[in-house]
Amino acid sequence: MLRFDATKLVLTHASNSPIVGNLGPTTDELWHAGHRDRNFYTYGNMGLCSSIALGMAVSTDEKVISLDGDGSLLMNLGAIATIGREQPRNLVVIVWDNEQWGQTGHQDSHTAKGTDLEQVAQSCSIRNTATVRDIESLDEVMQKAMNEDGPWFIVAKIEEQGYMPVSPIEPEMTLYRFRNSFVS
Amino acid sequence: MDWTEIIIDSLKQSDTSLIAYVPDISIDRVTSKIDEDPYFHLVSATREEEAIGIAVGAYATGRNSAVFMQSSGFGNSINAIASLCIPARTPIPIFMNMRGGPGEFNIAQVPMGRATRPILDDLGLVHFTLDDEYNMDKIVNGAIKLCHANRQPVAICMTQLLHGGKLA
């Protein structure tokens, strides 16, 4: 499964729900797959994608989707424990798991060496979890995740296959557009 | 009002209802009151940078937020502040217990505590130090107002002289 195809699929399920994109290729591909005001792109702060999404989920009743990555989440595993503690029913965490640090030279991440992030989520009291390896399975679990209470934690195994052009790096505009869709 | 009530009043006056924090004994008197007050949603983070991320997420959906931490935890959150709050311009008041000042008993807490304000200066962030309750309502209310006007974090540094600190 390619991350770009999977991202396009997530967008078909998202409707107008806010989506937080992890830094790097995830944010770039989210922008290319379908730029919208409700996309919260990130450009730094590695490890905080799902923490930002948690802050959104406890502040709105809408479904909130986090597009995180294995390497980033490994930097902030505590975020999973905090999500388990808070139990936000409207949060859907998707981890694009390529089992590597793609941006830093394709070094193996810990998920290539035995770490199972779905098990981590389960042990943090997140009950609705899945690991998917193809688009059809992701489609199926997204259908549930967007319609049933969470929190949801979905590990999507992806192949790393090249990068798209870097999307516009405009954190202030991203926040402005996103926030205005809630407060204006 | 004592210092804990002044902070809670200032948060309410500025419609700041989402609080993310990492527990700290010296400012537990205020975070405990926040926890008990249904006006607030207090989220307990495992690490200070996580608290920053949660606060930014809340602000992005239109809910004002603030963070409570200790100065040692500020060290854990510098990149979150530098690479998220500053470039995206998110106004997050950061209430901080300052270690390393008069009365500090632990050598390990001194370097980060002493470096906190110089690092805030290097990042271009405004900070206020509170040693006592004199004018504290004006300072805290004003700091939060400035924080939102400037759309950048502001640090409110609370010393042991204000809150009594942690006993060895």
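User: Start with chain B. At roughly what angle do the axes of α1(B) and α2(B) cross?

Analyst: This is a predicted model. Helix α1 of chain B spans residues 3-13, and helix α2 of chain B spans residues 28-36. Their axes come within 9 Å. The crossing angle is roughly 45 degrees.

User: Is α1(B) parallel, perpendicular or oblique to α2(B)?

Analyst: Angles under 35 degrees would count as roughly parallel, and 65 to 115 as roughly perpendicular. The angle here is roughly 45 degrees. Therefore α1(B) is, relative to α2(B), oblique.

User: Is the crossing of α1(B) and α2(B) left-handed or right-handed, and which residues make the contact?

Analyst: The crossing of α1(B) and α2(B) is right-handed. From α1(B), the contact uses Thr4(B), Ile7(B) and Ile8(B). From α2(B) come Arg29(B), Val30(B), Lys33(B) and Ile34(B).

User: How many charged residues does the contact of α1(B) with α2(B) have?

Analyst: By class, 4 residues of this contact are nonpolar and 1 is polar. The charged residues in the contact of α1(B) with α2(B) number 2.

User: Next pair. Where do the axes of α4(B) and α5(B) stand, and is α4(B) parallel or oblique to α5(B)?

Analyst: Helix α4 of chain B covers residues 71-88, and helix α5 of chain B covers 110-122. The axes come within 8 Å and cross at roughly 50 degrees.

User: Which residues meet between α4(B) and α5(B), and is the crossing left-handed or right-handed?

Analyst: On the α4(B) side are Ser71(B), Ser72(B), Phe74(B), Gly75(B) and Ile78(B). They meet Met112(B), Gly113(B), Thr116(B) and Ile119(B) of α5(B). The contact of α4(B) with α5(B) divides into 4 nonpolar, 5 polar and no charged residues. The crossing of α4(B) and α5(B) is left-handed.

User: In what order do the elements of chain B run?

Analyst: Chain B has 7 helices and 6 strands. Read from the N terminus, the order is α-β-α-β-α-β-α-β-α-β-α-β-α.

User: Why is chain B called as compact as a globular protein of its length?

Analyst: The globule rule gives 15 Å for 168 residues. Chain B comes close to that, so it is as compact as a globular protein of that length. The C-alpha atoms of chain B fill a box of roughly 40 × 35 × 30 Å along the principal axes. The radius of gyration of chain B is 14 Å.

User: Now chain A. What is the radius of gyration of chain A?

Analyst: Chain A holds 8 helices and 8 strands. For 184 residues the globule rule gives 16 Å, and the value for chain A is close to that, so chain A is as compact as a globular protein of that length. The box of its C-alpha atoms is roughly 45 × 35 × 30 Å along the principal axes. The radius of gyration of chain A is 15 Å.

User: How many of the 10 residues of α2(A) are buried, and what covers them?

Analyst: Helix α2 of chain A, residues 25-34, is largely enclosed by the rest of the structure, because 8 of its 10 residues are buried. Among the buried ones are Leu30(A), Trp31(A) and Ala33(A). The cover includes α1, β1, β2, β3 and β4 of chain A.

User: Which helix gives the most to the side of chain A that touches chain B?

Analyst: In total, 28 residues of chain A are in contact with 28 residues of chain B. Helices α3, α5 and α8 of chain A each supply at least two residues of the side touching chain B. By class, that side has 14 nonpolar, 10 polar and 4 charged residues. With 8 residues, the helix that gives the most is α8(A).

User: Last one. Is Trp101(A) buried, exposed or partly exposed?

Analyst: Trp101(A) lies in strand β5 of chain A. It touches Gly71(A), Gln107(A) and Ser109(A), leaving aside residues up to four places away in sequence. Burial needs 20 or more other C-beta atoms within 10 Å. Trp101(A) has 16, so it is partly exposed.

Terms used
Residues are numbered from 1 along each chain as its sequence is written. Chains are lettered from A and ligands numbered from 1 in the order in which they are written. This is a predicted model: local features need pLDDT of at least 70, side-chain atom pairs count only at pLDDT 80 or more; totals for chains, interfaces and linings use all residues. Helices (H or I, at least four residues) and strands (E, at least two) are DSSP runs, numbered from the N terminus. The radius of gyration is taken over C-alpha atoms; the globule rule is 2.2 Å times the number of residues to the power 0.38. A residue is buried if 20 or more other C-beta atoms lie within 10 Å of its own, exposed if 12 or fewer, and partly exposed in between; C-beta atoms are placed from the backbone. Two residues are in contact if their C-beta atoms, placed from the backbone, lie within 7 Å. Ala, Val, Leu, Ile, Met, Phe, Trp, Tyr, Cys and Pro count as nonpolar, Asp, Glu, Lys and Arg as charged, and the others, Gly among them, as polar. Axes are lines fitted to C-alpha atoms, for helices over the stretch in contact, and angles run from 0 to 180 degrees between N-to-C directions. A crossing is left-handed if the near helix is turned anticlockwise from the far one by less than a right angle, and right-handed if clockwise. Angles under 35 degrees count as roughly parallel, over 145 as roughly antiparallel, 65 to 115 as roughly perpendicular and the rest as oblique.
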